[in-house]
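Subject: Structure handover

Hello,

Here is the structure for you to take over.

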Amino acid sequence: MRDTLAMLIDWESHPRRIVAVGTPVIMAGDPTDLLHLLDKGRARAADGIMCPDGHLMLVCEALALTHYRTPVFAESPCEVISLPQQLLQKSLAEGSAMVWPLSRSIAAEITQRRLAS
């Protein structure tokens, strides 16, 4: 995911935070106005989904909901880049005005199915 978005977002200009093993990277209830990219390390969502290096974590929840529902925990020391959702919105909208609403619509459908199971 990082490579795909690298053309749109300058990752080096955003601060990183280090998350210790066993510590939440994202907590249920955190606002989705921040997106979290796992730059280095390994994390796992509470529903068992692995988050490898370069993974934009819980992106569907971030686009579909106002608050994260699924917590993510560090399984190794993690380096996380957090960026405002508006930055992704602005970057995607530069390609076409329909990209952002379409992305949110698809994410909402995926999130509804995942949370229902």
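Glutamate 79 and arginine 16 form a salt bridge, with their closest N and O atoms 3.0 Å apart. Glutamate 79 belongs to strand S8 (residues 78-84) and arginine 16 to strand S1 (residues 16-19), so this pair ties together parts that are 63 residues apart in sequence. A salt bridge here is a side-chain nitrogen of Lys or Arg within 4 Å of a carboxyl oxygen of Asp or Glu. Strands are DSSP runs (E, at least two residues), numbered from the N terminus.

This is a predicted model: local features need pLDDT of at least 70, side-chain atom pairs count only at pLDDT 80 or more, and totals for chains, interfaces and linings use all residues. Residues are numbered from 1 along each chain as its sequence is written, and side-chain values use heavy atoms, with hydrogens and water left out.

Glutamate 79 counts as buried, at 17% relative accessibility, whereas arginine 16 is partly exposed at 28%. The terms refer to relative accessible area: buried is under 20%, exposed is over 50%, and partly exposed is in between (1.4 Å probe, protein chains only). Arg16 and Glu79 are also linked with Asp39 in a network of salt bridges. The search of the whole structure finds four salt bridges.

Glutamate 75 takes part in two of the pairs listed here, one with arginine 42 and one with arginine 44. In the pair with arginine 42, the N to O distance is 3.5 Å. That pair links distant parts of the chain, 33 residues apart: arginine 42 is in the loop between strand S3 (34-40) and strand S4 (43-45), and glutamate 75 is in the loop between strand S7 (72-74) and S8. With arginine 44, the N to O distance is 2.8 Å. Here glutamate 75 is linked to strand S4, which holds arginine 44, across 31 residues. Each of these side chains is partly exposed: arginine 42 at 37%, glutamate 75 at 30% and arginine 44 at 32%.

On the cysteines, how many disulfides does the structure hold? It holds zero, a disulfide being a pair of cysteine sulfur atoms within 2.5 Å. Cysteine 51 is in no disulfide, and the nearest cysteine sulfur is that of cysteine 78. Their sulfurs are 8.7 Å apart, which is too far for a bond. Cysteine 51 is buried at 2% relative accessibility, and cysteine 78 is buried at 1%.

Regards

Notes:
Helices (H or I, at least four residues) and strands (E, at least two) are DSSP runs, numbered from the N terminus.
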